[in-house]
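Colleague: Please take a close look at the cavities in this model. I would like to know what lines them.

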Amino acid sequence: MTRQTHQACTSFLAGKLATIDGSPLIARNEDNGVAIWPKQAVVHPATDNPNTTFISKNNHFTTTLPAHAAHYTAVPDSDPSEGDYAESGINSHNVAMSATESAYTNSRVLGVDPLVDDGIAEDAMVTVVLPYVDSAQAGVKRLGQLVETNGAAEANGVLFSDSDEVWYLEIVSGHHWVAQRIPDNMYVVVANQLAIQDIDFDRPGDFLTSTGIRHFVQRNHLNPDGNRFNSRHIFGTQTVFDAHYNTPRVWYGHKLFTPSAFENPTDQELPFIRHAERKISVPDVAELLGSHYQETPYDPLGDGTETERHLYRAIGLSRTENSHILQIRRHVIPQLAGLIWQCFGNPAFNPYVPFYANGDQLGTAYAAANQQFSPQNPYWAGKLLEDLSEAHYHENRQLIADFLKHTQSLGIQRVTAGDALTANDDASLGHFNAATAQLFATEIENQAGKLLCANAEQSQLSFTMDQNL
């Protein structure tokens with residue numbers, strides 16, 4: 001298995017007033033260039049290690065870490081040889097982070113501030129930021145400072161949230177970045193583009209940027225709009241590739257949550273921020289992240305023409321390794337607030353399993369070594385289930401839909417039960433997480449068995465038996 005340097009993902013963010021229960025949400029599909037790249041889900045306990053130097057295995061990015069690291073969760077690659085790629089997690093301060101949404105900076109900008117070979121990159125971001133921040137805005141500032149000081153090796157988008165705020169940061173060049181707070185009543189869908197639009201420098205509570213970015217843009221004649229500062233226009237790209245690979249995913253997300261918008265899937269001016277026409281729930285976000293343009297001619301599994309079905313890149317993919325919805329709830333005590341809805345494999349076919357972020361484990365199977373296939377491992381079980389589900393998708397659509405509905409209900413039931421625990425210390429929550437993991441493992445195994453039996457009946461190596469034999 002060979003890692004692809006640029007991973008292609010789809011991200012979602014929603015403010016607290018946009019969701020059905022008042023919880024800020026951030027979510028993302030971590031997609032790889034290959035279909036199989038095993039992941040784990042782990043818990044890092046709080047530590048005190050003064051004068052710790054971090055050196056990336058990927059590109060030798062180096063920084064000195066603060067002495068105290070908070071408890072945090074992560075979803076790293078099982079093979080750490082090319083870097084942590086911790087990707088997503090929640091810390092004990094109830095700060096959630098997801099990194100990264102890979103993006104592209106235009107040639108004008110890279111000509112005057114190129115990316116830095118040993119700058120900070122996706123592989124290191126969660127590891128060197130999440131354990132050391134106590135708010136979403138602090139996460140933005142810490143990552144931004146690292147970009148300014150060390151440089152960035154990639155153009156990326158990074159998601160942050162806490163119990164009150166949701167922020168999206170974009171690294172737009174070798175040393176510059178912009179970030180916007182998502183309004184409480186709005187949502188965002190991002191798909192491998194620099195997406196933030198107009199920056200208002202007079203509103204520091206809603207916009208943060210690198211030092212001197214306005215002077216940098218002015219000095220190098222980078223602003224095509226004159227008297228406005230549209231970050232997407234200044235730093236981003238608008239190519240045929242964007243129109244077919246990126247913007248259709250944003251269009252479909254808007255179609256789900258703002259159906260009256262009547263947008264075009266290849267429109268390169270789709271708004272960064274949208275108002276949802278109904279309150280958004282965790283199952284709604286799961287539907288988005290597992291979507292493949294259902295009920296449109298562009299569904300690769302649908303009834304469109306050969307050209308239509310392969311025109312646009314879908315959201316839920318066979319290359320989705322880790323899909324997560326990170327929820328910081330406001331109506332429970334802080335110890336119970338952080339919920340990780342974790343899915344391995346394509347969420348079109350796999351469930352999101354709820355874990356309490358403050359537990360001391362997410363289940364031993366999730367943290368186990370898994371570079372080789374094992375049907376008992378959550379990553380491999382998810383990959384097996386997606387393969388069985390896609391094999392005869394049309395014949396098994398109802399079976400798949402029933403399974404996803406059932407496991408969504410089961411997840412909510414587990415959270416309800418967990419919230420009622422009389423003991424909610426780290427160990428008790430970890431024990432509860434482990435029981436949840438085992439329960440969902442059984443459900444996934446049962447679903448795989450049903451699909452195996454259903455698919456066997458669809459085999460082309462079959463025949464009609466003579467009833468007289």
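Modeller: Start with the largest cavity. Its lining has 16 residues, and those nearest its centre are Gln193, Ala195, Arg232, Val250 and Leu270. Keep in mind that this is a predicted model. The space in this cavity is about 130 Å³. Two elements, strand E14 (187–190) and helix H6, each supply at least two residues of the lining. By class, the lining of the largest cavity has 9 nonpolar, 5 polar and 2 charged residues.

The count comes to 3 cavities of 30 Å³ or more. Next is the second largest cavity, with about 70 Å³ of space. Strand E17 (338–344) and helix H11 (378–391) are the elements that give two or more residues to its lining. E17 gives the most, with 3 residues. The lining consists of Gln342, Cys343, Phe344, Asn350, Pro351, Val353, Tyr366, Pro378, Gly382 and Ile444. Of these, 7 are nonpolar and 3 polar, with no charged residue.

Back to H6, for what follows it. Serine 281 sits in the loop between helix H6 (240–257) and helix H7 (282–289). Serine 281 counts as buried because its relative accessibility is 13%, under the 20% cut-off. Its C-alpha atom is 36 Å from that of histidine 175, which is 106 residues away along the chain.

One more buried part is helix H2 (residues 122–129). All 8 of its 8 residues are buried, so H2 is largely enclosed by the rest of the structure. The buried set includes Glu122 and Asp123 as well as Met125 and Val126.

Key:
Residues are numbered from 1 along each chain as its sequence is written. This is a predicted model: local features need pLDDT of at least 70, side-chain atom pairs count only at pLDDT 80 or more; totals for chains, interfaces and linings use all residues. Side-chain values use heavy atoms; hydrogens and water are left out. Helices (H or I, at least four residues) and strands (E, at least two) are DSSP runs, numbered from the N terminus. Buried means under 20% relative accessible area, exposed over 50%, partly exposed in between (1.4 Å probe, protein chains only). On a 1 Å grid over the protein atoms alone, a cavity is a set of points where a 1.4 Å probe fits but cannot get out, and a pocket is an open set with protein on both sides within 12 Å along at least five of seven lines; lining residues have an atom within 4 Å of a point. Grid points are joined across faces, edges and corners, and a volume is the space filled by probe spheres set on the points. Ala, Val, Leu, Ile, Met, Phe, Trp, Tyr, Cys and Pro count as nonpolar, Asp, Glu, Lys and Arg as charged, and the others, Gly among them, as polar.
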